[in-house]
Amino acid sequence: MSRNSTADLKATIRSIPDYPRPGVVFRDITTLLGNARAFRRTIDELVQPWPGAKIDKVAGIEARGLILGGAVAHQLSAGFVPIRKKGKLPHDTVSIAYSLEYGLDAIEMHRDAIDAGERVILVDDLIATGGTATAAVDLLRRIGAEVVAAVFVVDLPDLGGAEKLRTMGVTVRTLVSFDGE
C-alpha cells in the first residue's frame with residue numbers, strides 16, 4: 001500500500017482519548033466503515049495478496065472482525081466463520097480461554113465450521129497485545145485449520161501483538177499503524 005493510501009485510510013480512523021480507560025487512545029474504525037471509498041479500499045487491501053491462493057474460509061473475530069471478515073470472504077469467494085464471545089453461538093462449539101489484563105475471557109466457534117486442512121485467513125480490525133488473535137489462531141489450529149494469515153486494519157506495534165502472531169508462524173498483514181496504545 002502506498003504511503004498516500006495509508007495516510008488516507010489512517011485519516012478516516014477516529015481516535016478517542018481516554019477510552020475505555022484513562023491513558024488509552026481507542027482507534028475507532030466505524031468512521032472508516034461509514035466512508036464507502038475508504039471501506040472499499042480497506043477490503044481490497046486486506047484481500048491482497050491472497051486472490052488465487054485457494055483460501056477456503058475467512059474467520060472474523062467479534063465484533064468488527066465480523067463486518068470486515070464477511071467482506072473479505074466475499075472478495076475471496078470463501079466461506080465465512082464467526083469467532084464469537086462465549087455463549088453467543090447456538091450450536092455445538094469449541095472454545096478457548098485466554099488471559100486479559102485483568103482476568104480471563106473466552107472465544108468460541110462452531111465445531112463444524114471448518115474442516116481439518118482447510119486454509120483460513122483470520123480477520124479483525126486491530127491488533128494490540130495479541131491476546132484475542134493468538135487465542136483465535138490456537139482455536140483454529142485445534143480444529144485442524146491451516147491459518148494462512150491474520151489481517152488487520154490497525155496495528156499498535158508498541159504492544160507487540162503482531163510479533164506474537166509471527167512467532168507462531170502466522171503471516172501478518174496490517175494496513176496502518178499507530179505508535180503507543
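Reader: Which strands and helices each supply at least two residues of the lining of the largest pocket?

Author: Rolling a probe the size of a water molecule over the atoms shows where empty space is left. In this predicted model, the elements that each give at least two residues to the lining of the largest pocket are β2 (25–28), β4 (79–85), β5 (93–100), β6 (103–110), β7 (119–127) and α5. The largest share, four residues, comes from β7.

Reader: What is the volume of the largest pocket, and which residues lie nearest its centre?

Author: The volume of the largest pocket is about 1,200 Å³. Its lining has 35 residues, and those that lie nearest the centre are Leu100, Leu126, Ala128, Thr129 and Thr132. Sorted by class, the lining of the largest pocket holds 19 nonpolar residues, 11 charged residues and five polar residues.

Reader: Which residues have the most contacts inside the largest nonpolar core?

Author: In soluble globular proteins, nonpolar side chains tend to be buried together. Here the largest nonpolar core has 29 residues, and those with the most contacts inside it are Ile83, Ile107, Met109, Ile114, Leu122, Leu140 and Leu165. At least two residues of this core come from each of β3, β4, β5, β6, β7, α5, β8 (146–155) and α6 (161–167), and the largest share, six residues, comes from α5. A second, separate core has 28 residues, among them Ile13, Trp50, Leu76 and Val154.

Reader: Which residues is Ile83 in contact with, leaving aside its neighbours within four places in sequence?

Author: Ile83 is in contact with Ala59, Gly60, Ile61, Glu62, Leu66, Ile107, Glu108, Met109, Leu122, Ala136, Leu139 and Leu140. One of these partners, Ala136, lies in helix α5 and counts as buried because its relative accessibility is 0%. The C-alpha atoms of Ala136 and Ile83 are separated by 7.5 Å, although the two residues are 53 residues apart along the chain. With neighbours within four places again left aside, Ala136 is in contact with Ile61, Ile83, Ile107 and Leu122.

Reader: Is Ala149 buried or exposed, and what does it touch beyond four places in sequence?

Author: Ala149 lies in strand β8 and is buried, with a relative accessible area of 0%. Beyond four places in sequence, Ala149 touches Trp50, Val120, Ile121, Leu122, Val170 and Thr171. Ala149 and Val170 are 21 residues apart in sequence, and their C-alpha atoms are 5.5 Å apart in space.

Reader: Where are the cis peptide bonds that join Tyr19 to Pro20 and Glu62 to Ala63, and which residues other than glycine have a positive phi?

Author: Most residues other than glycine have a negative phi, and most peptide bonds are trans. The cis peptide bond between Tyr19 and Pro20 has an omega of about 5°, and Pro20 is placed in the loop between β1 (14–17) and β2. The cis bond between Glu62 and Ala63 also has an omega of about 5°, with Ala63 in the loop between β3 (57–61) and α4 (64–76). As for positive phi, Asp18 has a value near 60° and lies in the loop between β1 and β2. Ser77 has a positive phi of about 55°, sits in the loop between α4 and β4, and is exposed, with a relative accessible area of 70%.

Key: Residues are numbered from 1 along each chain as its sequence is written. This is a predicted model: local features need pLDDT of at least 70, side-chain atom pairs count only at pLDDT 80 or more; totals for chains, interfaces and linings use all residues. Side-chain values use heavy atoms; hydrogens and water are left out. On a 1 Å grid over the protein atoms alone, a cavity is a set of points where a 1.4 Å probe fits but cannot get out, and a pocket is an open set with protein on both sides within 12 Å along at least five of seven lines; lining residues have an atom within 4 Å of a point. Grid points are joined across faces, edges and corners, and a volume is the space filled by probe spheres set on the points. Ala, Val, Leu, Ile, Met, Phe, Trp, Tyr, Cys and Pro count as nonpolar, Asp, Glu, Lys and Arg as charged, and the others, Gly among them, as polar. Buried means under 20% relative accessible area, exposed over 50%, partly exposed in between (1.4 Å probe, protein chains only). A nonpolar core is a set of buried Ala, Val, Leu, Ile, Met, Phe, Trp, Tyr and Cys residues joined through side-chain atoms within 4.5 Å. Contact means heavy atoms within 4.5 Å.
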